[in-house]
Every structure is written in structure tokens, then in C-alpha cells.
Amino acid sequence: MALSQIASRFSFAANCDLFRTKYSGLPVGMGGRRALFSHPVSLSLRGSSDSRRIESLVSNASVVGAAEVGTVVIEGPGLAPSHVLAGGPLPLGATACDGGVNFAIYSSCATAAVLCLFTISDLKTNRVTEEVVLDPLVNKTGDVWHVFLQGEFENMLYGYKFDGKRSPEKGHYFDFSRILLDPYAKAVISREEYGIPGPGGDCWPQMAGMIPVLKNEVCINFDWEGDMPLQYPQKDLIIYEMHLRGFTMHDSSEIDSRGTYLGAIRKLDYLKGLGINCIELMPCQEFNELEYFSHNSVLGENKLNFWGYSTINYFSPMIRYSSVGASNCGLDAINEFKTFVREAHKRGIEVLLDVVFNHTAEGNENGPIFSFRGIDNSTYYMLAPKGEFYNYSGCGNTFNCNHPVVRQFIIDCLRYWATEMHIDGFRFDLASIMTRGCSLCDPVNVFGKPIEGDMLTTGAPLNSPSLIEMISNDPILSKVKLIAEAWDAGGLYQVGSFPHFGIWSEWNGKYRDIVRQFIKGTDGFSGAFAQCLCGSPDLYQEGGRKPCNSINFICAHDGFTLADLVTYNNKYNMPNGEDNRDGENHNLSWNCGEEGEFVSISVRRLRKRQMRNFFLSLMVSQGTPMICMGDEYGHTKGGNNNTYCHDNYLNYFRWDRKEESSDFYRFCCLMIKFRHGCESFGLDKFPTAERLQWHGHHPGIPDWSETSRFVAFSMTDEMKGEIYVAFNTSHLPVTVSLPIRPGFQWEPLVDTGKFSPYDFLSDDLPDRAIATKLFEDLQKWNEKEIEFQLLLIRISTLHSISE
């Protein structure tokens with residue numbers, strides 16, 4: 001019997017025994033494998049050095065069906081001797097087991113597969129340390145290729161090569177010369193330094209995945225120090241959308257390890273002081289910041305993918321956000337991310353992760369091939385009948401989310417981040433793509449022939465998308481926070497109608513647009529603004545959801561910052577290098593009378609007032625408020641509303657500016673603290689007339705006409721007694737009468753028309769008693785009538801006169 005045949009028989013027989021013990025949930029014998037014993041095949045081993053050796057050890061067989069057993073031993077430079085066994089198909093990815101590592105990867109159309117092993121030094125020189133050629137008769141079960149390597153693989157990396165017919169018109173892009181990333185790799189290693197190309201200026205150097213080793217298994221190696229999910233009720237959250245690198249990268253942060261997970265840990269106390277109890281991290285899964293690398297002649301620097309909405313690998317944290325880089329083959333970076341989550345939890349701050357399952361960084365047919373496309377393009381991407389890429393994401397391709405294999409991949413990924421990384425929830429970028437039918441949604445595919453009248457096609461919106469149903473009913477994922485950006489670039493807009501299964505929340509883009517228009521004084525929005533104040537019951541009540549399912553925001557990472565919203569009527573995106581064509585043109589902004597930053601003092605004061613008006617609106621609305629990083633001090637991007645490509649001051653948190661804008665920062669801190677202290681602004685149900693009253697210029701007589709720019713309401717509160725809130729967005733002052741409460745008097749708290757510190761009369765304000773007394777006298781003199789200026793908001797608590 002040939003050595004290769006002995007090796008194959010040994011690999012298969014030994015593996016059957018291994019997986020009976022390690023994976024007891026699988027069928028004994030792994031299905032029909034024993035029939036393969038009569039078909040011995042060759043298992044090839046290709047190394048990068050002549051030092052590799054193959055040995056044969058023959059002994060009596062202990063498994064039925066094999067008379068002889070052989071062992072193949074591989075050895076290469078920097079690679080400990082390893083026995084090559086057949087392996088098993090589950091779980092997918094590289095899994096450390098007693099005595100070695102099992103590798104398993106899905107590819108339905110590949111005709112050949114090779115496992116490539118690297119040392120760190122060989123990867124840097126684009127050299128494969130060792131190749132293991134997989135035999136489809138031994139190393140394949142169904143559509144899963146697999147192999148088990150016995151031995152030690154510390155500080156080793158891996159990838160795959162797949163061969164098959166290259167026919168783009170049928171959706172196949174196999175290229176046997178490319179080494180591909182395993183979608184299930186837990187850490188991705190390539191360049192170590194952020195923003196710096198590889199040797200020879202290569203922006204896409206070879207990437208490889210970390211091989212886990214049992215003694216360094218991440219779940220064993222990291223000390224969570226008893227960390228447990230905080231599980232805050234969503235109605236109590238104040239969400240802070242944060243860019244991990246941008247948060248500490250500016251020199252004024254005055255810390256070591258700027259722009260890293262470690263650096264962000266050192267600034268968590270700032271967020272706690274602000275009153276934040278939930279961080280929404282912009283993408284921190286592995287992406288290539290050099291994807292758009294080119295010289296930007298406008299700013300004289302390089303253009304990068306700063307935001308990170310172009311994922312390479314969904315399991316790996318962004319390695320170049322780590323202060324330790326790729327040390328320990330990425331394991332140290334994983335642990336640094338875990339440390340960030342653990343330390344946030346210690347401070348009472350949950351961590352949500354912004355995930356991008358709508359597309360990948362492989363782009364369209366002209367994009368790079370580094371993982372999904374080279375492994376099984378027709379499975380992972382949504383394709384037209386002739387192989388063209390559907391582009392519902394606006395980024396060249398669309399992830400085939402509702403394909404059975406892809407949706408299981410997404411479930412596995414989310415579970416990993418929730419259980420292994422302790423993430424508290426997810427925000428899904430362009431989540432409407434996750435509701436579109438996959439490439440299998442075609443009558444010809446299902447029934448073998450067209451069905452008359454059947455309109456279900458690839459990409460069509462599904463009433464009950466299988467992926468959303470699986471996530472919503474998953475025993476783990478159904479318990480974390482799930483937030484949808486309920487639209488996509490293909491025109492599907494589902495705010496208020498996203499298939500929610502009673503647990504999904506939505507970025508409420510309608511709230512943003514309505515509040516912007518009402519606060520800047522546009523007619524016809526008083527009634528819609530009142531709906532926003534109540535948590536948008538017009539969108540969420542009928543479907544059985546709650547106010548907290550509305551994620552309220554005025555500004556987010558894309559679009560104007562809060563300061564730019566009141567500074568610019570037009571976008572100024574020339575620094576992006578696209579001739580100002582990119583970015584949203586419909587910003588609903590108002591510059592308060594003069595364009596740009598260099599304006600008169602009166603305009604500056606009006607802008608500050610408008611910023612207070614926006615922030616106060618956010619804090620007194622039912623629903624879950626979200627603040628964009630830097631808005632609490634008035635961060636400006638100079639009117640650029642699409643700063644995706646700038647690794648500079650435009651996107652960096654300016655710790656020096658925070659001190660310069662201490663008045664607005666103070667206002668934001670006090671408003672957040674006030675909301676936390678109120679029971680009535682985080683209701684579990686939509687408010688009713690039992691506790692909410694609407695008012696106009698006179699109590700109980702609201703004005704919902706098209707020309708009304710005045711909205712006022714009072715709300716009973718278990719903590720504060722009663723609160724009165726009034727908004728006047730007209731350029732003219734009005735006189736109003738406050739509701740009469742016999743035996744009580746109103747006490748002023750907030751007036752956005754006043755300068756700091758009198759915009760918020762906090763308890764520690766030295767002149768607070770004087771201001772309160774003046775307000776009481778004004779009520780007496782004018783029979784409880786108060787004159788409003790351009791936009792005056794008063795929130796007053798009710799106290800007994802006897803107090």
C-alpha cells in the first residue's frame with residue numbers, strides 16, 4: 001500500500017475517533033464516511049523548505065474498516081511537527097482542541113482547497129510556510145472543507161486557496177493564486193501600523209488569520225474580573241456615538257496610546273462624568289483604512305477610510321486600534337478590546353457595536369478578492385441572473401443576508417461578540433438590506449420553473465425576513481439591544497415599519513428631520529414635533545412597541561455636527577476630493593443669519609441658543625436619546641457633512657475645545673443629569689392625558705395650526721412633582737400664562753435664552769435664589785404671564801409654597 005494511501009486511511013480513522021469524543025453531538029462516523037475507507041486517496045503536503053519531512057508509522061487499526069494505520073508528519077521552518085488528520089465540519093473556523101487545531105470552511109462550488117500556514121516572518125515576506133492540500137474524498141463533508149492538524153501552532157497564522165471554474169457570469173471568482181481569509185478567523189494580521197502601507201507601498205498586503213492554541217484560548221486567557229452584562233432598561237440609556245480612534249487621537253487628549261482601545265479606557269471617566277451610560281462604537285471590526293488611499297491635494301495629506309464602514313472580517317476586532325498591534329498574532333489586541341468593554345462596564349457604561357452586514361470591502365466585480373468572493377461569491381453576495389452585483393448598499397456589493405449559510409454566519413458572529421467579547425448590543429448599518437430576499441428567492445430555484453404571478457425576486461423586501469426572525473428569537477441575541485438603521489441605499493425606507501418582532505429599535509430619522517425643521521422655525525411642524533416629544537407613537541405604538549424603541553438623535557457621524565447645523569446652510573465637502581458632489585444636500589440646517597464661523601456676536605449668541613434648544617429637545621423627548629461624539633462641546637467639521645476619509649482634526653475629539661466651550665458643556669451635563677433624575681422622560685409606555693397636558697399661549701389650549709410655532713406641555717413626575725416645558729420657535733416673542741396650581745408656585749430651571757450660567761439654574765449656582773425670587777415676582781406682577789423671547793424654554797418644578 002502506498003504511503004499516501006496509508007496516510008489517508010489513518011487520517012480518516014483517527015479523526016472518526018477524535019470527533020466522537022470531542023463533538024459528541026455529531027453522528028457517530030460523521031455520516032457516510034466509513035464508505036470512504038475503500039477509496040484511499042493521496043494527501044499532499046507542500047512546504048517552503050526542504051527541511052519538511054514525511055514519516056510513516058504503521059500499526060494495527062482499532063477502527064472498523066481499516067486494516068492498517070499510517071501517520072503523516074509535517075515539519076517546516078518555525079513549524080513544530082504536526083500530524084495531519086481528516087478533521088470535522090463543525091464548528092466552522094479554526095478551533096483549538098486537545099492535541100491540535102481543527103480547520104473547517106464552507107465553499108459549495110470549489111473543486112480544490114489548500115490550507116496555508118504562515119509564521120509571522122513568512123507572512124511579512126509573502127511566503128507560505130506550509131501548505132496542506134485537502135482531499136475532497138477525505139477532507140470534505142457536504143460543502144464544508146476540513147482538516148485537523150495535531151501539534152503546537154503558537155504564533156502561527158493561516159489562510160486558504162480555493163480552485164474552481166472562474167465564470168463571473170455565473171457568479172464564480174475562483175483564483176487559485178490568491179490566499180484568502182477565513183470568514184470565521186478571530187483575528188486578522190497584515191499591516192501593524194495604522195495608515196502606513198506595507199512594503200513597496202502595498203495597501204493590500206497578504207492577510208492571514210490567527211490560529212488559536214488551547215493554552216492561549218481567548219476565553220481562558222482573559223480575566224473578566226467577574227464582569228456581567230449591565231442589562232439597563234433601554235428607556236434609561238443615554239447613548240453616545242463614538243469613534244474609537246477619533247476619541248483620543250488629538251494631541252490635546254494628553255495621554256499615551258492615543259487612538260487605541262487603551263487610550264479610550266483612560267477617557268472613560270469623562271463619559272461617566274457627562275452622564276453617559278451607553279457607548280455606540282462606530283465600526284471596530286477589521287477593515288482596511290487604506291482602502292481609499294490616495295493623496296488629497298486639497299488638504300495635502302492622504303485620504304483614508306476613517307469611519308470603517310467597509311468590513312474585511314466580522315469576527316476580528318480592528319487590530320490597528322490596539323496599542324500592542326499584532327503582538328501574539330492578534331490575541332493581545334482581542335484582550336485589549338475586552339479590557340475596554342470590562343472597564344466601561346465597571347463605570348456603569350454599556351457598549352454597543354455598529355456592525356456592517358450590508359456589504360463588504362470587496363466591492364463590485366472590479367474590487368479586491370481577499371475572502372468571501374474567492375471562497376464562494378455566489379453564496380455571500382446578492383447577484384443578478386448574469387452574475388452582476390446588486391448594489392443596495394451603494395458600496396458596490398450587497399451581502400446575501402437571508403441566504404441560509406450567510407444568515408447562520410451572521411448569527412454566529414453576533415453570538416461571538418455578545419458572549420466572548422461581552423458586547424451589550426448592536427446597531428445594524430443599513431439594516432433594511434437584512435430584510436431583502438437572497439439570491440435563492442426565485443421560483444426557478446425553488447420549484448424549477450417560473451410561477452405565474454410570483455413577484456418574489458432577489459432583493460425584494462420580505463415581510464418576515466428569516467435573518468431578522470432568527471436574531472429576534474435567538475436565546476442569546478434576543479436578550480441584547482438591537483438597533484436598526486431602517487433604510488438602505490436602494491430606496492427602501494422602513495422607519496416605523498422595520499420587522500421588529502417586538503424587540504428591535506430604530507434610528508429614528510424622522511425624529512431628526514422633524515425636530516430640525518421645527519426648531520429652526522419652519523411652519524407646519526408643531527403637531528409632528530409633539531409626536532416626537534411623545535416618543536413617536538405615530539410610528540411605534542400601533543405595532544406594539546414602546547417609546548424606547550425610538551432612538552432619537554439630532555446629529556450622527558454622517559451629516560452636520562450640532563455646531564455646524566446652526567452655522568452652515570450649505571455643505572463644504574471639497575476637502576473630500578470629490579468636487580463637493582458627495583454628502584447629503586438636504587441638511588435642514590440654518591446658519592442663524594450669516595454663513596460660516598466668522599460672524600457677528602449676535603449671530604454667535606443665537607447659534608448657542610439654538611444648540612441649547614436642540615439639546616434640550618433631545619433630553620425632554622420620550623424615547624432613547626443618542627448624542628454624537630463632540631456635540632457636547634460644539635465640535636465643528638467646517639461644514640463638511642461626510643468626513644469619512646479624514647484621519648485628522650475634522651474627526652478628532654478636541655479636548656482643548658471642550659475647555660473653551662465649557663458653557664455649553666455645562667449645559668449638556670446638567671440636562672443629562674436632569675433627565676436621569678426624572679421619571680417622566682423615560683416612560684415605559686406612551687404618555688396619555690392622565691399625566692400629560694398640552695398648552696398654547698394659555699393653559700390647556702394648544703395650537704396645532706399650520707402656522708403655529710409654539711408647543712408647550714406639562715408632565716407630572718414622581719421625582720419632580722410637575723414639569724412645564726415650552727418651545728417658541730417664532731422670531732417674535734409671545735406672552736403665555738402658566739397653568740395655575742393652587743397652593744403651589746412654579747420655580748424656574750432652564751431658559752435657553754439666557755447666558756451661561758443662568759441658562760440652567762443649578763442648585764450650586766450662587767445667584768439661584770435671586771433668579772428664583774425675580775421669577776416669582778414676575779408671576780405676581782403679570783398674573784403668571786411670561787414674555788418669551790426668540791426661543792425661550794422654561795422647565796419648572798412644582799413646590800409647595802409652605803416649603
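**Packing and burial, helix by helix**

Me: What do the buried residues of helix 8 pack against?
Reply: Helices here are DSSP runs of H or I with at least four residues, strands are E runs of at least two, and both are numbered from the N terminus. Buried means under 20% relative accessible area, exposed over 50%, and partly exposed in between (1.4 Å probe, protein chains only); contact means heavy atoms within 4.5 Å. On those terms, the buried residues of helix 8 pack against strand 7 (100-106), strand 12 (156-163), strand 14 (172-173) and helix 9 (404-419).

Me: What ground rules apply to the model?
Reply: It's a predicted model, with local features needing pLDDT of at least 70 and side-chain atom pairs counting only at pLDDT 80 or more, while totals for chains, interfaces and linings use all residues. Residues are numbered from 1 along each chain as its sequence is written, and side-chain values use heavy atoms, leaving out hydrogens and water.

Me: How many residues of helix 8 are buried?
Reply: Helix 8 spans residues 372-380 and is mostly covered. Among its buried residues are Phe 372, Arg 373 and Asp 376.

Me: What share of the protein's residues counts as buried?
Reply: The fold has 19 helices and 33 strands. Of the contacts with a separation of 6 or more, 72% join residues 24 or more positions apart. Among its 803 residues, the buried share is 61%.

Me: How does helix 12 lie relative to helix 13?
Reply: Axes are lines fitted to C-alpha atoms, for helices over the stretch in contact, and angles run from 0 to 180 degrees between N-to-C directions. Under 35 degrees is roughly parallel, over 145 roughly antiparallel, 65 to 115 roughly perpendicular, and the rest oblique. Helix 12 (residues 509-519) and helix 13 (residues 526-533) pack at about 130 degrees, axes 9 Å apart. That makes helix 12, relative to helix 13, oblique.

Me: How many nonpolar residues are in the contact of helix 12 with helix 13?
Reply: Tyr 511, Ile 514, Val 515 and Phe 518 of helix 12 meet Ser 526, Ala 528, Phe 529 and Cys 532 of helix 13. Besides 1 polar and no charged residues, the nonpolar count (Ala, Val, Leu, Ile, Met, Phe, Trp, Tyr, Cys and Pro; Asp, Glu, Lys and Arg are charged, the others, Gly among them, polar) is 7.

Me: Left-handed or right-handed: what is the crossing of helix 12 and helix 16?
Reply: Helix 12 and helix 16 (residues 601-620) pack at about 140 degrees with axes 11 Å apart. A crossing is left-handed if the near helix is turned anticlockwise from the far one by less than a right angle, and right-handed if clockwise. Helix 12 passes helix 13 in a left-handed crossing, but with helix 16 the crossing is right-handed.

Me: Which cysteine has the sulfur nearest to that of Cys 669?
Reply: A disulfide is a pair of cysteine sulfur atoms within 2.5 Å, and by this rule there are 0. Cys 669 is in none, and at 7.1 Å its nearest cysteine sulfur is that of Cys 668.

Me: Which residues does Lys 546 contact, leaving aside neighbours within four places in sequence?
Reply: Lys 546 is in the loop between helix 14 (537-540) and strand 25 (550-553). At 36% relative accessibility, Lys 546 is partly exposed. Beyond those neighbours, Lys 546 is in contact with Tyr 540, Asp 684 and Phe 686.
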